[in-house]
Amino acid sequence: MLLLLLGIIVLHVSVLVLLFVSTIVSQWLTSGVRVTDLWQNCTLGSLSDVFHCAQSSPNEWLQSVQALMILSIIFSVLSLFLFFCQLFTLTKGGRFYLTGIFQILAGLCVMSGAAIFTVRQSDWHQPSENLSFGFSYILAWVALPLALLSGVIYVILRKRE
Amino acid sequence: MGSQGSSGRESVFLLAVLVSTMVLTPTLAIHVYTDREIHGTVGSKVTLSCTFWSREWISDDISITWHFQPEYSRDSISIFHYAKGQPYIDNVGTFKERIEWIGDPSWKDGSIVIHNLEYTDNGTFTCDVKNPPDIVGKTSQVVLYVFENVPVRYGVVLAAVIGGVLGLVLVILVIAYLIRYCWLRRQATLQRRLSAMEKGKLRLGRDSSKRRQPPVLYAMLDHSRLTKSASEKKSKGGLGDSRKDRK
C-alpha cells in the first residue's frame with residue numbers, strides 16, 4: 001500500500017516537473033542559430049556566442065498556448081494538494097474523484113496547448129526558417145499521457161487504511 | 001571657530017536656496033498636463049485631454065491653444081484656439097469640421113475630441129494654456145498614433161483564457177456540489193419517510209385492526225396522484241394508530 005502511494009506521488013511529481021520544464025525552458029522550436037519558446041525569441045549573435053533574446057510575439061494563439069500551459073500547471077498543483085487533503089479526509093473505500101478530475105484536466109490543457117502550438121506555430125515566425133521542434137515541446141507531449149494515466153489511477157483508486 | 005562659522009554660513013545659504021526654490025518655483029506657475037501617447041483607429045474618434053493648474057484665478061482672458069505637428073514634418077500648425085469665452089475651431093485645414101470642444105476652463109479643462117481619424121492625423125498635438133497674468137509655463141504634448149485596428153495588448157488573451165477556464169471550473173464545482181447536496185438531502189428525507197412508513201406498517205400488521213384501515217384507504221384514494229403525500233399520511237396514520245394503541 002505504501003509502495004503504491006509512493007509510486008503515485010512520484011508519478012504526479014514527475015508530471016509536474018515535466019510541465020514546469022516544458023513551460024519554462026526555452027526550447028520549443030530550435031534551429032542552429034535560433035531558439036524560441038513560449039516567452040521569448042532568441043537568436044545567436046553572428047559575431048559572438050551570445051543569444052539575443054526578445055519578447056515573443058503577442059500573437060493570440062501563442063498567448064492561448066501560454067495560458068493553457070499555466071492552467072495545466074495550476075490544475076496539476078491543485079490536484080496534488082487535493083490528493084493530500086483527500087488522503088486524510090476521505091472515508092475508507094472512497095475514491096479520489098476530485099483529484100483525478102483535476103489531473104485529467106491538467107492533461108487535457110497540456111494536450112490542447114501543444115496541439116495549438118503544433119498547428120499554429122507558423123503564425124509567429126517565417127516557415128522558411130527551417131525550425132524543428134525542441135525538447136520542451138516533446139516533454140509537453142510526454143506529460144500528457146502521464147497526466148492522464150495518473151488521473152485515471154486516482155479515479156480508480158480506492159482509499160484503504 | 002572658523003569652520004563653525006563657515007558651516008553656519010553654508011546652512012544659511014542652503015536655507016536661502018531652499019526658500020528661493022520654494023518661492024521661485026511657483027513663478028513657473030501654469031502647469032499643463034496631457035497624456036504622453038494616445039492610440040486610435042481609423043474612422044473612430046479620440047479625446048485629447050488637457051488639464052492645467054494655475055496659481056491665479058481663472059480669468060476671462062484665459063486662452064487655450066492646440067497645435068498640431070504632423071509626423072515627419074517640422075511645421076506646427078494651430079488647429080484650435082479658445083479666447084474670451086469663445087472657441088475657434090479649424091475650418092479650413094485638415095481638421096475641418098472634425099474637432100469638437102468639450103473642455104471647460106472654469107474646471108481647468110481644455111480637452112478636444114477629434115472625430116473620424118485619418119492616417120494623416122499621426123503626429124504630435126501640443127496643448128498650450130495662458131491664463132493672464134499667469135503666462136509662464138511649459139506646454140504639454142501628446143503623440144497620436146492612428147492604427148487600422150488597435151493591436152491586442154500583450155497578456156489580454158492570456159489573462160482571459162486563464163481567468164475564463166478557472167472561473168468555469170469553479171462554477172462547475174459549485175453546481176456539482178449543490179446538486180450533490182440537494183440529492184443527499186432528498187435521499188435523507190425519503191429514507192426517513194420510508195423508515196417511518198415501514199414502522200407504521202409493522203405496527204399495523206401486528207395489530208391488524210380492520211377498524212382503522214378505512215381512513216387510510218380514503219386518504220390514498222383522495223390523493224391517488226400524489227402518492228408521496230399519501231404515503232406520508234399513511235405513515236402518519238400508522239403512527240397515530242400506534243400511539244392510540246399504546247394508550
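In the predicted model, three strands of chain B form an open sheet, arranged in the order S3-S9-S8 and paired in the antiparallel sense. Strand S3 (46-48) and strand S8 (99-101) of chain B are the edge strands, each of them pairing on one side only. On average, and with direction ignored, neighbouring strands of this sheet are turned by 25 degrees against each other. The pairing of S8(B) with strand S9 (residues 112-114) of chain B is antiparallel and rests on three bridges, and here Ile99(B) has Ile114(B) in S9(B) as its bridge partner.

A further set of pairings in chain B involves strand S11 (residues 140-147), which has a covered face made up of Ser140(B), Val142(B), Leu144(B) and Val146(B). The uncovered face of S11(B) carries Gln141(B), Val143(B), Tyr145(B) and Phe147(B). S11(B) pairs with strand S2 (residues 37-41) of chain B in the parallel sense, over five bridges, and within S11(B) it is Leu144(B) that stands opposite Ile38(B). Strand S10 (residues 123-130) of chain B is likewise joined to S11(B) by five bridges, but these two strands run antiparallel; in this case Phe125(B) stands opposite Val142(B) of S11(B).

Chain A contains four helices and five strands, and its elements follow one another from the N terminus as α-β-β-β-β-α-α-β-α. Of the 161 residues in this chain, 46% count as buried. The accessible surface of chain A amounts to about 8100 Å², and carbon and sulfur atoms account for 71% of that surface. When contacts in chain A between residues at least 6 apart in sequence are considered, 69% of them join residues that are at least 24 apart.

For chain A, an unreviewed UniProt entry lists residues 65-84, 96-117 and 137-157 under "transmembrane region". In the model, the span of residues 65-84 of chain A is 100% helix and 0% strand, and its end C-alpha atoms lie 29 Å apart. Over residues 96-117 of chain A, the chain is 95% helix and 0% strand, with a distance of 32 Å between the end C-alpha atoms.

Ser76(A) is located in helix H2 (residues 60-89) of chain A. Because its relative accessible area is 0%, which lies under the 20% cut-off, Ser76(A) counts as buried. When residues up to four places away in sequence are not counted, Ser76(A) touches His12(A), Val15(A), Leu16(A) and Leu19(A), together with Gln103(A) and Ala106(A).

Between the two chains, 14 residues of chain B are in contact with 17 residues of chain A. The area buried between chain B and chain A is about 1300 Å², and carbon and sulfur atoms contribute 79% of this area. On the chain B side, Tyr154(B), Leu158(B) and Ile162(B) lose the most area to chain A, and together they make up 43% of what that side buries.

Terms used:
Residues numbered from 1 in each chain as written. Chains lettered and ligands numbered in written order. Predicted model: local features only at pLDDT ≥ 70, side-chain atom pairs only at ≥ 80, totals over all residues. Heavy atoms only, no water. UniProt positions renumbered as here; feature names shortened; annotations may be inferred. Buried < 20%, exposed > 50% of the residue type's maximum accessible area, 1.4 Å probe, protein only. Pairing = 2+ DSSP bridges. Axes fitted to C-alpha atoms, helices over the stretch in contact; angles between N-to-C directions. Contact = heavy atoms within 4.5 Å. Areas by Shrake-Rupley, 256 points an atom, 1.4 Å probe, with all protein chains shown as cover. Buried area = accessible area lost by both parts, 1.4 Å probe.
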